[in-house]
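Please consider the structure shown below. The paragraphs that follow lead through a few of its residues and one packing of helices.

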Amino acid sequence: YSALTAKNLDDAIEMLETESPGAVVLDLRLNGITAPETVLAIKHVSPSVALILCSGYPAALDAATSAMPARLIHASLHKPFPPSALLNILNDVFAG
């Protein structure tokens with residue numbers, strides 16, 4: 001797989017307007033914006049992208065994912081996670 005990176009939500013949105021990634025891996029903790037706001041902004045621009053949330057704060061990740069409709073989030077990962085865990089999720093995304 002190839003990867004693109006964005007430093008903030010604005011950069012990510014700009015990238016999503018020109019690129020068509022199959023998945024977005026998103027850290028739950030972002031400066032100045034909540035995970036639900038970020039998820040909604042990304043889905044507004046790219047509704048079919050698979051969102052994978054990750055965080056080093058398991059309780060916060062569980063709370064955030066349970067607060068959002070399940071259809072918005074493809075998967076979530078607690079950090080630290082082995083690369084194989086992310087690879088398995090990406091294989092699932094791109095196999096379907």
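Two residues are said to be in contact when heavy atoms of theirs lie within 4.5 Å. By that criterion, and leaving aside neighbours within four places in sequence, Ala50 is in contact with Gly22, Ala23, Val24, His74 and Val93. The model is a predicted one, and its protein chain has an average pLDDT of 92, with 99% of the residues scoring at least 70. Within the chain, confidence is highest in helix 4 (residues 83-95), at a mean of 97, and lowest in helix 3 (residues 58-67), at 89.

Ala50 belongs to strand 2, which covers residues 50-55. Its relative accessibility is 10%; because buried means under 20%, Ala50 counts as buried. Pro21 is 29 residues from Ala50 in sequence, yet the two C-alpha atoms are 8.7 Å apart in space.

One of the contacts of Ala50 is Gly22, a residue in the loop between helix 1 and strand 1 (23-27). With a relative accessibility of 30%, Gly22 counts as partly exposed, since this class lies between the limits of 20% and 50%. Not counting residues up to four places away in sequence, Gly22 touches Val49, Ala50, Val93 and Phe94. For Gly22 and Phe94, a separation of 72 residues in sequence goes with a C-alpha to C-alpha distance of 7.2 Å.

The description now turns to the helices. Two packed helices are described by the angle between their axes and the distance between the axes. Helix 1 (residues 9-18) packs with helix 2 (residues 35-45) at an angle of about 15°, and their axes are 9 Å apart. Angles under 35 degrees count as roughly parallel, and helix 1 and helix 2 are therefore roughly parallel to each other. Their crossing is right-handed. On the side of helix 1, the contact is made by Leu9, Ile13, Leu16 and Glu17, and on the side of helix 2 by Thr38, Ala41, Ile42 and Val45. Sorted by class, this contact has six nonpolar residues, one polar and one charged.

Which residues are in contact with Thr38, leaving aside its neighbours within four places in sequence? They are Leu9, Leu26, Leu30 and Ile33. Thr38 has its place in helix 2 and is buried, its relative accessible area being 2%. Leu9, one of its contacts, is also among the residues through which helix 1 meets helix 2.

Notes
Residues are numbered from 1 along each chain as its sequence is written. This is a predicted model: local features need pLDDT of at least 70, side-chain atom pairs count only at pLDDT 80 or more; totals for chains, interfaces and linings use all residues. Side-chain values use heavy atoms; hydrogens and water are left out. Helices (H or I, at least four residues) and strands (E, at least two) are DSSP runs, numbered from the N terminus. Buried means under 20% relative accessible area, exposed over 50%, partly exposed in between (1.4 Å probe, protein chains only). pLDDT is the predictor's confidence in each residue, from 0 to 100. Axes are lines fitted to C-alpha atoms, for helices over the stretch in contact, and angles run from 0 to 180 degrees between N-to-C directions. Angles under 35 degrees count as roughly parallel, over 145 as roughly antiparallel, 65 to 115 as roughly perpendicular and the rest as oblique. A crossing is left-handed if the near helix is turned anticlockwise from the far one by less than a right angle, and right-handed if clockwise. Ala, Val, Leu, Ile, Met, Phe, Trp, Tyr, Cys and Pro count as nonpolar, Asp, Glu, Lys and Arg as charged, and the others, Gly among them, as polar.
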